[in-house]
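My entries follow in the order I looked things up.

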Amino acid sequence: MSPPLVVVYTLFLIFFGAQGSYYYEISFEVSSIVFSGSDDDLWYRVCNSNGECGLFNTISNGFQTINELYSVNYTSHIDLGDVSNAGSLTLLTTGDDHVCLSDIYVNGKNYDSGLFPECI
């Protein structure tokens, strides 16, 4: 039996859609705060404003280096929205490391998590 996944970070985002398969580049900026990184496997997915979600993808060995930008390509079988629809991104972990993110980018657009890094 797999250990339960714990929701560790949710950020509302705006997505741009296309016909057929939908492609997104998602970048996670790890905070410069000491111990912000993690070597635990991380899982993420994106959802549109109707609650329809793409599949979870794995980031093996997590975000190990602080103050580093990690980029992943995300392909969805559903349209996650256009510029007028707000969606969400969920990041999960099965480990016990703390992860602090300064910013998240989708297709090059910055979705700042706020004045301070979001730590989980």
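**Notebook: fold, rings, disulfide**

My count gives nine strands and zero helices. For both I used DSSP runs numbered from the N terminus: strands are E with at least two residues, helices are H or I with at least four.

I note the ground rules here. This is a predicted model, in which local features need pLDDT of at least 70 and side-chain atom pairs count only at pLDDT 80 or more, while totals for chains, interfaces and linings use all residues. Residues are numbered from 1 along each chain as its sequence is written, and side-chain values use heavy atoms, with hydrogens and water left out.

**Whole protein**

I looked up burial next. The protein has 120 residues, and 41% of them count as buried. Buried means under 20% relative accessible area, exposed means over 50%, and partly exposed lies in between (1.4 Å probe, protein chains only). The accessible surface comes to about 6,700 Å², and carbon and sulfur atoms hold 52% of that. These areas come from the Shrake-Rupley method with a 1.4 Å probe; for residues, only the protein chains shown count as cover.

Then I checked contacts, meaning heavy atoms within 4.5 Å. Among contacts with a separation of 6 or more, 74% are between residues 24 or more positions apart.

**Strand β2**

Which residues make up β2? It covers residues 22-30, and seven of the nine are buried. I found two partners for this strand. Strands pair here if DSSP finds at least two bridges between them. With β5 (residues 69-76), β2 pairs in the antiparallel sense over eight bridges. Tyr-23 has Thr-75 as its bridge partner in β5. With β7 (residues 100-106), β2 is joined by five bridges, also antiparallel. On that side, Ile-26 has Val-106 as its bridge partner.

**Ile-78**

I moved on to the loop between β5 and β6 (86-93), where Ile-78 sits. Is Ile-78 buried or exposed? Its relative accessibility is 18%, so I list Ile-78 as buried. Leaving out residues up to four places away in sequence, Ile-78 touches Tyr-22, Glu-52, Cys-53 and Gly-54.

**Rings**

I found four aromatic pairs. Rings of Phe, Tyr and Trp (its six-membered ring) pair if their centres lie within 6.5 Å; planes under 30 degrees apart are stacked, over 60 edge-to-face, and the rest tilted. Tyr-44 and Tyr-74 have ring centres 5.5 Å apart and planes at 50°, so I call the pair tilted. Tyr-44 lies in β3 (residues 42-47) and Tyr-74 in β5, so this pair ties together parts 30 residues apart in sequence. Tyr-44 is buried at 2% relative accessibility. Tyr-74 is buried at 0%. Phe-63 and Tyr-70 are another tilted pair, 5.1 Å centre to centre with 35° between the planes. Both Phe-63 and Tyr-70 are buried. Ring pairs link Phe-28, Tyr-44, Phe-63, Tyr-70 and Tyr-74 into a cluster.

**Cysteines**

How many disulfides does the structure hold? I searched the whole structure and found one. The criterion is a pair of cysteine sulfur atoms within 2.5 Å. The disulfide joins Cys-47 to Cys-53, S to S 2.0 Å. The link is right-handed, with 100° about the S-S bond. Cys-47 is buried at 7% relative accessibility, whereas Cys-53 is partly exposed at 22%.
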